[in-house]
Amino acid sequence: MTKYDGYLVHVLPTQRCNLQCEYCYSDAMYTDNGTSNLIDENYIEAVANLINSLSVTVIHLEGGEPLLFEGIYSLIKKIECKEKIFLVTNGYLLNANIAKNLKDCGLKHVIVSIDYASGASAKKKSCIRSLELLKRVGMHTEISVTMLKDNLPEMEALFEVAAENDVDRIRFGEIVRVGAAQKNIITYLTSTDYESIIPNFMKISAKYPSIDSALSLNGNIYDECAETFRKRYDAIFEKRKCNMSETMITIDDVGDIYTCCNLVGKKSFFIGSVYDPWEETLCSENYEKIKNVEWKSCPVGRGYHLNVEGGRCWI
């Protein structure tokens, strides 16, 4: 097959999750029984074949919660460039046996979502415990933090968690207004929060030079000052195209392909299927239209992405 260059690939093998985060970007079907549907070998084979035909920079295995997908080990084994695979998990289901199995499959990188460092909740303890289990088997680990109104004061404490667990990288990203997050406006950051986040991040990250850190803001502020704040950046983003439309693909749990992981299910952003030849997807009418979408027309966060210290748009 022909090789194509530079894709960031998101694979969402399941939309099911064991948690019910009110700010989740997904409308996942929640469950707590730790099981998934029967393994679809055709799906796994088609996804792996497509990825193996592409030149990729990063592969994210997400969800939902990817550890609920019973075929996760098989999928990892079939993907050739294992050094580029990052499993994104909430860490709650991870135990010593699962960590070893992931390592034995060839996985090298795991991103754990941890939003709070304080408190004594079972969820928080399990997530932080997962970092220790992953390190024991020699896995590279990262922390992903969704910034909310109530966890902004915990930024330094989360850096401390990263340092204590020898984490390679910590990334702070903003809530995305899709899925369940649309119903929880109270969690959104305000323009005042924006004014303080960047200098605070720069100050704290300087205390932890051994940890690679990133801050990604997407303009999803929600208050009476939002329009005034956004207008500062109009000149920067005027007429700029969304580069993600040509460098990112997202594969959902039935094999449909979209350009953006936060626009899965939206017909106007559907570009093809893993069961069809990739050449057909590249030439599809919808894909051609999406490649010309301007950032300011982005249906998620109006396409404003302010990146600090290596941060980038994950949309």
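I began with Ile59 and listed its contacts, leaving out residues up to four places away in sequence: Val9, Val11, Ile51, Ile79, Cys81, Lys84, Ile85 and Phe86. A reminder to myself: this is a predicted model.

**Entry 1: the cores.** Next I asked which members of the largest nonpolar core touch the most other members. They are Val11, Ile59, Leu61 and Phe172, in a core of 73 residues. I then looked up what gives the most to this core, and found helix H1, residues 41–53, with seven residues. There is also a second, separate core of six residues, and Val58, Phe86, Val88 and Ile111 are among them.

**Entry 2: helix H1.** How far does H1 reach from its first C-alpha to its last? I got 18 Å for its 13 residues, close to the 18 Å expected at 1.5 Å a residue. At the start of the helix, I found a side-chain oxygen of Asp40 within 3.0 Å of the backbone nitrogen of Asn42.

Then I noted the buried residues of H1: Tyr43, Ile44, Ala46, Val47, Ala48, Leu50, Ile51, Asn52 and Ser53.

**Entry 3: salt bridges.** How many salt bridges does a search of the whole structure find? It finds eight, and I followed up a few of them.

In one, the side chains of Lys78 and Glu45 meet at 3.2 Å, N to O. Lys78 sits in helix H2 (residues 72–78) and Glu45 in helix H1, so this pair links distant parts of the chain, 33 residues apart.

Another joins the side chains of Lys135 and Asp168 at 3.7 Å, N to O. I placed Lys135 in helix H4 (residues 122–136) and Asp168 in the loop between helix H5 and strand E6. Lys135 counts as partly exposed at 24% relative accessibility, and Asp168 also counts as partly exposed, at 32%.

My last pair was Arg169 and Asp212, whose side chains meet at 3.1 Å, N to O. Arg169 is in strand E6 and Asp212 in strand E7, 43 residues apart. Is Arg169 buried or exposed? Arg169 counts as buried, because its relative accessibility is 16% and the cut-off for buried is under 20%. Asp212 counts as partly exposed at 42%.

Key. Residues are numbered from 1 along each chain as its sequence is written. This is a predicted model: local features need pLDDT of at least 70, side-chain atom pairs count only at pLDDT 80 or more; totals for chains, interfaces and linings use all residues. Side-chain values use heavy atoms; hydrogens and water are left out. A nonpolar core is a set of buried Ala, Val, Leu, Ile, Met, Phe, Trp, Tyr and Cys residues joined through side-chain atoms within 4.5 Å. Buried means under 20% relative accessible area, exposed over 50%, partly exposed in between (1.4 Å probe, protein chains only). Helices (H or I, at least four residues) and strands (E, at least two) are DSSP runs, numbered from the N terminus. Contact means heavy atoms within 4.5 Å. The expected span of a helix is 1.5 Å times one less than its number of residues. A polar contact is a pair of N or O atoms within 3.5 Å; within protein, one must be able to donate a hydrogen and the other to accept it, and residues adjacent in sequence count only if both atoms are side-chain atoms. A salt bridge is a side-chain nitrogen of Lys or Arg within 4 Å of a carboxyl oxygen of Asp or Glu.
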